[in-house]
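Let's take a friendly walk through this model together. Have the sequence and the coordinates open, and follow along residue by residue.

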Amino acid sequence: MVYINCDNEPLMQTFFLADYGISRMLIGLQALSGQSIVPGKTLIIFDEIQEAPRGLHALKYFYENAPEYHVIAAGSLLGITLARQESFPVGKVGMLTIYPMDFEEFLMAMSRGEFCTMLRTGDYAMADTSRCERGGRTASGEGVGRGGEREPGGVINNF
């Protein structure tokens, strides 16, 4: 995966201005990220794409001229940018609205579905026992110290 944050990377202010040559862009992305980009294997993520002038338009050229590359563009203010954007690659970009995960979704993503079941059923004692046996955090947000004493903390910190 190659991750480029267009808001934090000053070079992205001019990256797409010269041209939309795929080979030039790929060389630049590899130089910025320090990683090789392999067609069909490497996911290229442009975060905060609205901060890179002509960045959205460049997606069209990946779609048309280099479909073997997997590209995702995201932006927290993308909707505002699209409203005032003069050029947008219509039909070349799929839009998806994504929301933050809730705690149960987080547990599932961390392959800890058993804790979802325990929390849904209110079996906090079992959740506490499960974490205590492993020397980690409990469902009630406490931890277990080396001597078996409880320490303050949060369950999310030790997944």
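We can begin with a cysteine: C116 is buried, because its relative accessible area is 1%, under the 20% cut-off. C6 is buried as well, with a relative accessible area of 0%. Keep in mind that this is a predicted model. What does the disulfide count come to? The count is 0 disulfides.

Now turn to the aromatic rings. Searching the whole structure gives 5 aromatic pairs. One of them joins F16 and F46 in an edge-to-face arrangement, with 5.7 Å centre to centre and 70° between the planes. F16 sits in the loop between β1 (2-5) and α1 (22-33), while F46 belongs to strand β2 (residues 43-47), so this pair ties together parts that are 30 residues apart in sequence. Both F16 and F46 are buried.

Y20 and Y61 make a stacked pair, because their ring centres are 4.6 Å apart and their planes are at 10°. Y20 is in the loop between β1 and α1 and Y61 is in helix α2 (residues 55-65), so the pair links parts that are 41 residues apart in sequence. With a relative accessibility of 15%, Y20 counts as buried.

F16 and F46 are also members of one aromatic cluster, together with F15 and F62. At F15 there is a charge to look for: the charged end of R24 sits over the F15 ring, 5.7 Å from its centre.

Finally, visit L96, in the loop between α3 (78-84) and α4 (103-109). Is L96 buried or exposed? L96 is exposed, because its relative accessible area is 69%, over the 50% cut-off. Its C-alpha atom is separated by 9.4 Å from that of A74, 22 residues apart along the chain.

How values were computed
Residues numbered from 1 in each chain as written. Predicted model: local features only at pLDDT ≥ 70, side-chain atom pairs only at ≥ 80, totals over all residues. Heavy atoms only, no water. Disulfide = S-S within 2.5 Å. Buried < 20%, exposed > 50% of the residue type's maximum accessible area, 1.4 Å probe, protein only. Helix = DSSP H or I, 4+ residues; strand = E, 2+ residues; numbered from the N terminus. Phe/Tyr/Trp six-rings, centres within 6.5 Å; stacked < 30°, edge-to-face > 60°. Lys NZ or Arg CZ within 6 Å of the ring centre and 35° of its normal.
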